Amino acid sequence: MSAEPDLDALFAIAQAAQRRAYAPYSRFKVGAAILADDGTIYPGCNVENAAYPVGACAEAGAISAMVAGGARAIRAILIIGDGAELVTPCGACRQRIREFAVPEMPVLIAGPEGIRARFSLAELLPASFGPANLPT
Ligand code: THU
């Protein structure tokens, strides 16, 4: 695997997942794609629920797919949504991502036209609490 993630592949897989999102309540479809340490790209999309708080974010779905696929580390994540604003991960998902990623890990934010912004996880979740904070 090369050091730089294949951004075109991440974008295409996230966009395909976004189109499959189940968002009948917000009508705001989000897609995510994780490049994992096994070199595989794992997709996720938001899946809402008539009991609103039970809905799941795209990032959570991609993390579940990664873990179910046998990988344990996120090398890069791309999130895509519509609208003029950046679709950055919610606070809870920043912490979910942190469980499997180092603070330097790139978080790419895309709209339908392509990648709009790139952050490190540390920029989105400074001074974070992660697995190494727990005593062994
Ligand atoms: N959503 C995500 O899936 N990921 C984000 O990064 C932002 C928000 C979803 C949750 C909900 O289904 C819809 O977008 C509106 O908040």
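Mentor: We may begin with a helix. In α3, which spans residues 91-98, the buried residues are C93, R94, I97 and R98. Buried means under 20% relative accessible area, exposed over 50%, and partly exposed in between, with a 1.4 Å probe and protein chains only. These four cover an arc of only 145° around the axis, so they lie on the same side of α3. The arc is that of the directions from the helix axis to the C-beta atoms.

Trainee: What should I know about the model and its numbering before going further?

Mentor: The model is predicted: local features need pLDDT of at least 70, side-chain atom pairs count only at pLDDT 80 or more, and totals for chains, interfaces and linings use all residues. Residues are numbered from 1 along each chain as its sequence is written, and side-chain values use heavy atoms, with hydrogens and water left out.

Trainee: Against which elements do the buried residues of α3 pack?

Mentor: Contact means heavy atoms within 4.5 Å. The buried residues of α3 pack against α2 (58-68), β3 (74-81) and α4 (121-124).

Trainee: Which residues of α2 are buried, and what covers them?

Mentor: In α2, A58, E59, A60, A62, I63 and M66 are buried. Their cover includes β1, β2 (41-45), β3 and α3. Just after α2, G70 takes a positive phi of about 105°.

Trainee: How are the helices and strands themselves assigned, and how many of each does the chain contain?

Mentor: Helices (H or I, at least four residues) and strands (E, at least two) are DSSP runs, numbered from the N terminus. The chain contains four helices and five strands. From the N terminus on, their order is α-β-β-α-β-α-β-β-α. The radius of gyration of the chain is 14 Å, close to the 14 Å that the globule rule gives for 136 residues, so the chain is as compact as a globular protein of that length. That radius is taken over C-alpha atoms, and the globule rule is 2.2 Å times the number of residues to the power 0.38.

Trainee: Let us turn to α1. Is Q15 buried or exposed, and which residues does Q15 touch?

Mentor: Q15 lies in helix α1 (residues 7-20) and is buried, with a relative accessible area of 16%. Not counting residues up to four places away in sequence, Q15 touches I80 and P112. A9 is also placed in helix α1, but counts as partly exposed at 24% relative accessibility.

Trainee: How does separation along the chain relate to separation in space?

Mentor: The two should be read side by side. A9 and A33 are 24 residues apart along the chain, and their C-alpha atoms are separated by 9.0 Å. G83 and A71 are twelve residues apart in sequence and 32 Å apart in space, C-alpha to C-alpha. G83 is found in the loop between β3 and α3, and at 45% relative accessibility it counts as partly exposed. For the chain, residues 24 or more positions apart account for 61% of the contacts with a separation of 6 or more.

Trainee: Which figures describe the chain as a whole?

Mentor: Of the 136 residues, 43% count as buried. Taken along the principal axes, the C-alpha atoms fill a box of roughly 45 × 35 × 30 Å. The accessible surface comes to about 7,200 Å², of which 57% belongs to carbon and sulfur atoms. Accessible areas come from the Shrake-Rupley method with a 1.4 Å probe; for residues, only the protein chains shown count as cover.
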